[in-house]
Each structure stands twice: as structure tokens, then as C-alpha cells.
Amino acid sequence: MTWGHSEPLGDLATGVAIAGIGEAPHTRASGRTAAEMAAEAVAAAIADAGLTPADIDGLMWHPAFVGQLDADAFRRHYRHDGPLWTSAQGGGMVWAGTAPHTAARALADGSARHIVNSFAVAWATQRSAMEGGPGQSHAQKVTKRQLEVPFGWFPQPVYFATIARRHMHEYGTTVEQLGHVAVTTRHHATLTPGAVMRDRPLTLDAYLASPPVAEPFRKEDCSLISDGAGAYVMTTVERARDLRRPVVEVAGVGLGTSHTGSHWAQQPAFTSTPQVFAGPDAFAMAGITPSEVDVLELYDPFTIVTLMQLEDLGFCAKGEAGPLAESGALRIGARLPTNTHGGLLSHSYVLGIAHVTELVRRLRGPGAEIGLYGGYTGAQASTLILRRAR
Amino acid sequence: MIFPLPDLDEPLTGGFWHAAARDLLAFPQCASCERFCWYPEPRCPACGGPDLPWTEVRPAGTLYSWSVVHHAFLPAFAAQVPFVAAVAAIDSAPGVRLVSRLLGGDPAMDAPVRVEFGWLRLGEDRVRAPFLRRVP
């Protein structure tokens, strides 16, 4: 019995482009609310596309997180009383990858012309009040609260440390190889204006000398906790050609689901992600192979998740991502530049939305024509392939 | 804040803890297709069968993976770190992985372990629970 499946998304209903990107500052605890950061990111994305708020007639967000820019908040903020197509299947994580596919239907049938997707989080600010945060939704799940938390198998750093340990056993992955992911990702953050860890370079020696949090993980194997927000504007490729930015179009989208959901302990393929199911669909839709991808932004809550996604998406054989990281291939300028802004590990923990804005930024510039975002919630993974239009 | 002791009255998972209170290890097993269904669900995910009695199994398994946890992610764990959070495959319940702690240290991949009952404690409260220990 297989452990997951790909969701049959079908072809894009129409050509979709990401025409504008925007962000609120990504920071440690800022005292700001998610709502105000979301509005700032959305305003920046609309301006980046060369549009005005009145041009926006479609809105995507995810209701599972507090303070998102939902329809009511959007209308209030912009005193917008025109027609508004809405979808609660937007936001970050997996949905930052699938939102363009959802949006294509609305763009194709005339429900909307310009759709903005946004995600914001204020977990750094909330942490002092012990509210929110990445562990909360897991602790609220009855099976985890009753069968895992009592033994201390909680929260995510412990889950993924356990997965990493098994990966090390099955494939010979080493602590040094995990360290190479942390060091490379940090290096990229030091090159990125606005990255939370921009002024904190990391060497492999310093990584190895730092104390374990949950073995084999050190603090540097784990994502930051951040405040921040990001947004992007979608429209048809045709319309995007009339806007002010180079056209970055959606080439392929895939979505995979694990049958054991986010119960990682019970997932038969313990050291894999549902990218195994999402990736092939996205590559088929795009009509390309992994070897044609120039830049990767992979949802990286932990170093091991970067490695597993590289393998599961076919950028190397299963078990070979550790040596790949060690070879330097993931660095900017090398074969597979990965998490070029510093990822969740060193740029900010804004749950993938900044991965997508970074990917668009890379594809607008020289040197990269095809890029891939790997979205992940645990229960699901999404693959979004973007391409600079000719 | 999260209260880390289990609630024995939780309908979905109570059977696990009621068995542990008698020093027994039990998992839901589908009465129709005999598959162990773990974690518990209202119906068997394989055949849809609604009858999933808690079935006692031999308290022996194989260590599948673990993490030595140094950081107390919850205040309740502050007095317990470092501990070995562990996942074990249960020999006589195919497909079932038990999340617990390894007692006595010396974790090793795929090592045989036995299930040993002890107390999970929080302040004055305690709950009988299955732990893991390597077979000498």
C-alpha cells in the first residue's frame, strides 16, 4: 500500500503570471500585528505590479492563521467596494505554491482580473505571550496531545530530529552534511538585504561546536521564529505583458498528500516528503525535467527537510542530498542554488511566502529562467515551477 | 499552556491509557480486516469497519529512531531533559509505531526493545505509561 497520492489538479485554466511581489519587513519581535504587516505587503505587491488597489478584484488568504488580510480586512483597509472574488485556499506553506493554480480558474472564467495572495505571521511578537507559534496547532490535535506530547515527542524540532536520525542511518547522511545546509543557507542570508540573520555569518566549525537542541539538531538546523509578511499579484500572462515588470509565468503546479497527515511517526516512508507525489505532476505540466531548473526555493523548517525535498523532487537520487549539499552545489553561483534568500532557517520564518517572492525576484534578473518552489506542511507538499516568459 | 499528561477519558485514545494502567500494551485492531489502525480513527481506514477493539499485543519491538532532547520545549519537561524521545516498531502489531521514551540509554538503530511500564509524572499527578528499554 502506498503512503500518499498526488491530487489531480488538471491543467492550468489559463496562463498565469506573477506580476507583482511585496513584503513587509521580516524581523525578530517587532510589536506589529499580522494584519498590519499583511496590508503593508499587499500594498507593496500592488505597487510593484504597477497597479492600484482599485484594480484588485481577487483576494486569497488562509483562514487557519490569525490576522490574515481576508476580504473584510481588505475592503476596510482600502475602502474597496467593488466586486471581489475570494479564496481561502491561499497564504503560505503548501498554498503559496498552489494559489496560482486556483487563481487560474478565476482568471479564466472572468471572475477576476488581478488577484493578490498574501500571508503574514507575528509569531516572534506573540512568543513572549506564549500564544500562537508553530507548536500550537500540533498540540491541539488530540492524537498528538494524548499519544506524543506526554512522552516529550514534541514539537517540530523533535519530530524532524527523529526523522533526520533515521535518514542518517538509511543513507549515511552526516551531521556535517546537515551543517552544510545550515551554513549555505546562512551564507545566502548574509547576501540578502532584510534577512533576519544578515549580520550573523556561520561557519561549519561554529555549527559543529554549537550545543545540540534535539540530537542530531543544533539551533542552526531549525527555522527562526519571525514577524513578517509577503504577497504576490497574479494575472493572465497576456495582461502581465502590459504591466511594468518582466513576465514570470506559472509553468507547472503539483500537490501531494501523505495518508498519515502530519502524524510523522506513523508515515511508512519515514524519511520522505509528499514531494514524491507533487513533483512529477508539476514537471509534467511544465514539460521539463529537474535538470532544467536554475534556482530552488524549498520550504525549510529544518535542514533535513531541504535534503529530503531535493531527493523527493528528483534533483538527486534518494539518500544523495547530503553529499550534494557537501559538494557546494546548493550555493549561489553553483549548479543548484537553493534558498537563495536564506530560507526559513536564516532569512525569516514567514512560512514560504518569502520563498515565492524571492523566486520571482531571481527569475526577473539575469541568470535564471526556470525556478521551483517546494511548499510543505508535512501532510502535504506542493511544487510550483515558474519560468521567465519569452 | 499545554498540560502534558494524557487525559484517560478522551474517547479516541483512552483505551491506550486504560490498558497501560493494567501494564498492558494495546492498539485498536479492526474486527473486520484485522488490521491495526494506529493512530486511532473512528473507522478503519483500510476497510471502513466501525468496530476497532483495543487488542493486547506482546510488549516487544524494534527501535526505529530517536532524538536525545536537550532543550525543554515545554516547562513541564525542564526537570526531565535530557531524555531520549523514541519511536519503536511493535513486533506483533504490523504497521504500528509507538512513540515513547527510551529508558536506560544506549539507543541503537533497529535494536530490540521491550516495553516496560512506569509513571509519567507532573507535579503531584501521575499516569501509568509504556516506556522502552533495550533488551540486553
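A cavity here is a set of points, on a 1 Å grid over the protein atoms alone, where a 1.4 Å probe fits but cannot get out. Grid points are joined across faces, edges and corners, and a volume is the space filled by probe spheres set on the points. Rolling a probe the size of a water molecule over the atoms shows where empty space is left.

The largest cavity has a volume of about 30 Å³. Its lining consists of A:Val181, A:Thr184, A:Thr185, A:Thr306, A:Leu330, A:Thr338 and A:Asn339; a lining residue has an atom within 4 Å of a point. Helix α8 of chain A (residues 175-190) gives the most to this lining, with three residues. By class, two lining residues are nonpolar, five are polar and none is charged. Ala, Val, Leu, Ile, Met, Phe, Trp, Tyr, Cys and Pro count as nonpolar, Asp, Glu, Lys and Arg as charged, and the others, Gly among them, as polar.

## Basis of the values

Residues are numbered from 1 along each chain as its sequence is written, with chains lettered from A and ligands numbered from 1 in the order in which they are written. In this predicted model, local features need pLDDT of at least 70, side-chain atom pairs count only at pLDDT 80 or more, and totals for chains, interfaces and linings use all residues, while side-chain values use heavy atoms, leaving out hydrogens and water.

## The second largest pocket

A pocket is an open set with protein on both sides within 12 Å along at least five of seven lines. The second largest pocket holds about 590 Å³ of space. Its lining has 23 residues. Nearest its centre lie A:Thr260, A:Gln266, B:Arg35, B:Trp38 and B:Pro45. The lining divides into 13 nonpolar, seven polar and three charged residues.

## Backbone geometry

B:Trp38 is also part of a cis peptide bond, joined to B:Tyr39 with omega about 5°. B:Tyr39 sits in the loop between β1 (25-28) and β2 (54-57) of chain B. Helices (H or I, at least four residues) and strands (E, at least two) are DSSP runs, numbered from the N terminus.

In chain A, the peptide bond from A:Phe154 to A:Pro155 is cis, with omega near -15°. A:Pro155 lies in the loop between α6 (142-147) and α7 (156-171). A:Met93 has a positive phi, near 50°, and is not a glycine. A:Met93 belongs to the loop between β4 (85-87) and α3 (95-108) of chain A.

## Helix packing

Two packed helices are described by the angle between their axes and the distance between the axes. Axes are lines fitted to C-alpha atoms, for helices over the stretch in contact, and angles run from 0 to 180 degrees between N-to-C directions. Angles under 35 degrees count as roughly parallel, over 145 as roughly antiparallel, 65 to 115 as roughly perpendicular and the rest as oblique. A crossing is left-handed if the near helix is turned anticlockwise from the far one by less than a right angle, and right-handed if clockwise.

In chain A, the axes of α1 (residues 34-48) and α2 (residues 71-78) come within 11 Å and cross at roughly 70°. α1(A) and α2(A) are therefore roughly perpendicular. Their crossing is right-handed. α7(A) packs against α12(A) (residues 303-312) at about 55°, with the axes 10 Å apart. So α7(A) is oblique to α12(A). This crossing is left-handed.
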